Amino acid sequence: MNETKEELILRGEFVLASPFEEPIKGGAVVIKKDRIVECGPWTDIESKYPGARLLERSSGLIAPGLINCHTHAPMVLLRGMADDLPLKTWLEKYIFPAEACLTKEIVKTATLLACAEMIRSGTTTFVDMYFFERQMAQVVEQVGLRAYLGEGIFDFPSPAFENAEKVMEETRDLVVHYKDNPLINFTVDPHTPYTCSSNILVASAEFARAHRLPIVTHLSETRWEFDETRSIHSKTPVKYLDELGLLGPDLVAVHCVWLEESDIDLLAQKNVNVVHCPESNLKLGSGISPLARLLDARVNVALGTDGAASNNNLDMLGEMDVAAKLPKGILQDPSVVTAEQAMYMATEAGAKAMGAKDLGRLEPGFQADLIVIDLDRPHLRPCYNPVSQMVYSATGGDVSDVMVAGKFVMEKGRLVTIDEEKLLSQIRSFQNQPFWQEGPCS
Ligand SMILES: [Zn+2]
């Protein structure tokens, strides 16, 4: 792995600093340590940094690293174990019983597999809600990705902790332990408004706010949740969380599929961040989020894959494609959710949701989190518009290089920090003996 002591210059066919800026043809990015020094045309940069190390990617599209704003990374091990079921049946009959068999070691291996997949498809930051986040943090730290990790909080014991108080103790401890590591961050994650009591929701928010951590929760994902909340609390899930004081700029509300017009206004007014996970919503038959209306109301909408068991991959390039196309079909209007908006959701909106002021764009002073897409592939030529290519033509497999905080985690198609061959052989053994078949576990 190369740590940049002096400047490193990455020169590509295009540099795309942000989706709404003109791509720089024949551009280069100058990096020093973990930060971007300059982005510009090669002719401006060529003679400015004598002694800098130059890396040529002559057919490369250099773009900001993708931010997967919602996943459950270790669920890669549950990929394909139960498909084509509605959320509630899927969770209660298959996922929760399997997750009861999870151990720290299984979670570590699963996290490594998820990191390999995310790096290969251009994700540099991911926001995770799962169990055993301490073990996940250890793996993520070794791998060199950037993460926001949240230990799931429920009314009932999770596979890792017996109650919400224990989760908060653990989170407090992890925050202190990782305070000097800018790549590993934490969130507070009450799972849903229906798997957490109002007391736990309020306590989670108070704890998060006392520690200045983002609050992440699933919200209004299914028709069942929407109807159930209305029948118990006489209000929509969004208004229920508002009544409890949870809505605010530090809330990251995942899904938001079932919304009334007044819910959208409330989300906008309270500056709540929404994470759109279109592939998971489609696959679980949960419905389709009113994305165009949320964007019109100026709600900050980021993008996530959700877990690999409901997607079934962690490919953010594919997710952008669906996010841009789905509303066009639904509304019979090809002008809604442009390629630029979809890419913004996968980069800058994710950074904004997490309160990260130096992520999501290639700009001087920002973190050097970037990816290179190799355009020399039949499905990526000709390239007239790099944003269009990223959103509508590229897939995760087209990413050749990934850098996080100035360090390559993938260089010219090779994972730098993961022994991929060894990892895949280990995963094949899981495949031969699924861990949940050792059970029943609880
Ligand atoms: Zn989720």
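What follows is a close look at one helix, then its partner helix, the salt bridges and the metal site. How many residues of α3 are buried, and what do they pack against?

Mentor: First, the ground rules. This is a predicted model, in which local features need pLDDT of at least 70, side-chain atom pairs count only at pLDDT 80 or more, and totals for chains, interfaces and linings use all residues. Residues are numbered from 1 along each chain as its sequence is written, and side-chain values use heavy atoms, with hydrogens and water left out.

Now α3. Helices are DSSP runs of H or I with at least four residues, strands are runs of E with at least two, and both are numbered from the N terminus. Helix α3 covers residues 104-120, which is 17 residues. Its first and last C-alpha atoms are 24 Å apart, close to the expected 24 Å. That expectation is 1.5 Å times one less than the number of residues.

Of those 17 residues, 12 are buried, so α3 is largely enclosed by the rest of the structure. Buried means under 20% relative accessible area, exposed over 50%, and partly exposed in between (1.4 Å probe, protein chains only). Among the buried residues are Ile 106, Val 107, Leu 113, Cys 115, Glu 117 and Met 118. They pack against β7 (123-130), α4 (133-143), β15 (399-404), β16 (407-411), β17 (414-415) and α16 (420-432). Contact here is heavy atoms within 4.5 Å. After α3 comes Gly 122, with a positive phi near 90°.

The 13 residues of α16 should span 18 Å, and the end C-alpha atoms are 19 Å apart, which agrees. Its buried residues are Leu 423, Ile 427 and Phe 430. An α-helix has 3.6 residues a turn, so residues three or four places apart point the same way. The face turned away from the buried side of α16 carries the exposed residues Glu 421, Lys 422 and Asn 432.

Move on to charge pairing. The structure holds 30 salt bridges. Each is a side-chain nitrogen of Lys or Arg within 4 Å of a carboxyl oxygen of Asp or Glu. Asp 369 pairs with Arg 146, closest N and O atoms 2.7 Å apart. Asp 369 lies in the loop between α14 (348-353) and β14 (370-374), and Arg 146 in strand β8 (residues 146-153), so the pair ties together parts 223 residues apart in sequence. Both Asp 369 and Arg 146 are buried. By contrast, Lys 179 and Asp 180 are both exposed, and their side chains meet at 3.8 Å, N to O.

Last, the metal. The zinc ion is coordinated by His 70 (NE2), His 72 (NE2), His 218 (NE2) and Asp 306 (OD), at 2.1 to 2.3 Å. Donors are N, O and S atoms within 2.8 Å of the metal (3.2 Å for Na, K and Ca), and sites may look incomplete because water is not among the atoms. The donor spacing in sequence is H-x1-H-x145-H-x87-D. Both His 70 and His 72 are buried. The 4 donor atoms subtend angles of 85 to 170°, which makes the arrangement irregular. Four donors count as tetrahedral if all angles lie between 85 and 135 degrees; four count as square planar and six as octahedral if opposite donors are over 155 degrees apart and all others between 65 and 115; anything else is irregular.
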